Amino acid sequence: MENFEKTLSYLRDKTNNFKVDIVIVLGSGLGVFCDDMEGIRIKYSDIPSFPKSSVQGHKGELLFSNISGKNCAIMQGRFHYYEGHSLHDTTYPIKILKKMGAHTIFITNASGALSKKFNVGDIMLINDHINFMGDNPLRGKNDDTLGERFPDMSEVYCPELKKIAKNCAQELNIDLKEGVYLATMGPSYETKAEVKMFSILGADVVGMSSVPEAIVANYLKMRTIGFSMITNHATGVSDNKLTHKEVLEIGKVSGVKLSQLIKKIIEKL
Ligand code: HPA
């Protein structure tokens, strides 16, 4: 069983018992969302029992702040499976923030498009996902105080939130795409054959995160919404070689658009 109490008492103490409404998990390049925001910033490395983050382009900080009257916990950087973390560790912060009151979660990431249907720079509302990681964050003894052993997964992404997101995108003149996100364990990008397979399986984009968080959020009965910033065409869809640098650069451009959209949605909640 995880060491929730140590983490919780530290965070409650540091934040003066902040009651979280909304969690926002920021993917690569989305730092712009909260760089100028006021609030209480806590480095992951200072939080007892928190995993350690290492990936370039991710800050590794938790920010407690108020957006449009809602108390938000913003995760600047996440824990990836490919860094060597277990999926339990990857999703530990979500469980902690749920225990601090969170009922809603925004999950964001960068991904590669599996077809030319989407353009680089597009933002995709995640309609559903495929767990291709070969692991599950709920594997192992179930903690019945958190959720049930066999959670239903028919509606991971909240229809009501999706509707609000689409209306907000229209208001902001953002051409919001929709589709299925497939997660691999990474860290290697895909081969052409894998890209073809994922497309046949019904996915629209591929990435290396978010699915474990969405599974756990759903298990915890949190209202979940997910957005993917399309930073590249996947291998073989375009002839370019993939680099993390390119993913971060495009992520920064789309990050401004996605930041506006998330703030607008929060305003409406
Ligand atoms: N594949 C996997 N993960 C990614 C990609 C990709 O093409 N782009 C951004 N994250």
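I looked up Lys19 and got a relative accessible area of 47%, so I put it down as partly exposed (buried is under 20%, exposed over 50%, partly exposed in between, with a 1.4 Å probe and protein chains only). Asp21 comes out at 17%, so it is buried. The two form a salt bridge, with the closest N and O atoms 3.6 Å apart (a side-chain nitrogen of Lys or Arg within 4 Å of a carboxyl oxygen of Asp or Glu).

**Ground rules.** This is a predicted model, where local features need pLDDT of at least 70, side-chain atom pairs count only at pLDDT 80 or more, and totals for chains, interfaces and linings use all residues. Residues are numbered from 1 along each chain as its sequence is written, and side-chain values use heavy atoms, leaving out hydrogens and water.

**Other salt bridges.** I have twelve in the structure. One of them joins Lys221 and Glu148, with closest N and O atoms 3.4 Å apart. Lys221 is in the loop between helix H5 (211–219) and E9, and Glu148 in the loop between strand E6 (123–131) and helix H3 (159–171), so this pair ties together parts 73 residues apart in sequence (helices, H or I with at least four residues, and strands, E with at least two, are DSSP runs numbered from the N terminus). Lys221 is exposed at 62%, while Glu148 is partly exposed at 44%.

I also noted Glu160 with Arg223, closest N and O atoms again listed at 3.4 Å. Glu160 sits in helix H3 and Arg223 in strand E9, so parts 63 residues apart in sequence are tied together. Shared partners join Asp122, Asp175 and Lys177 into one network.

**Aromatics.** How many aromatic pairs does the structure hold? I get seven (ring centres of Phe, Tyr and Trp, the latter by its six-membered ring, within 6.5 Å; planes under 30 degrees apart are stacked, over 60 edge-to-face, the rest tilted). Tyr44 and Phe50 have ring centres 5.5 Å apart and planes at 45°, so they are tilted. Phe50 and Tyr92 are at 6.0 Å and 75°, so that pair is edge-to-face. Phe50 lies in the loop between strand E2 (40–43) and strand E3 (61–67), Tyr92 in helix H2 (residues 87–99), 42 residues apart. Both are buried. Phe4, Tyr44, Phe50, Phe79 and Tyr92 form one cluster.

**Charges over rings.** The charged end of Lys99 sits over the ring of Phe4, 4.8 Å from its centre (NZ of Lys or CZ of Arg within 6 Å of the ring centre and within 35 degrees of the ring normal). I found Lys263 over the face of Phe33, at 4.8 Å from the ring centre.
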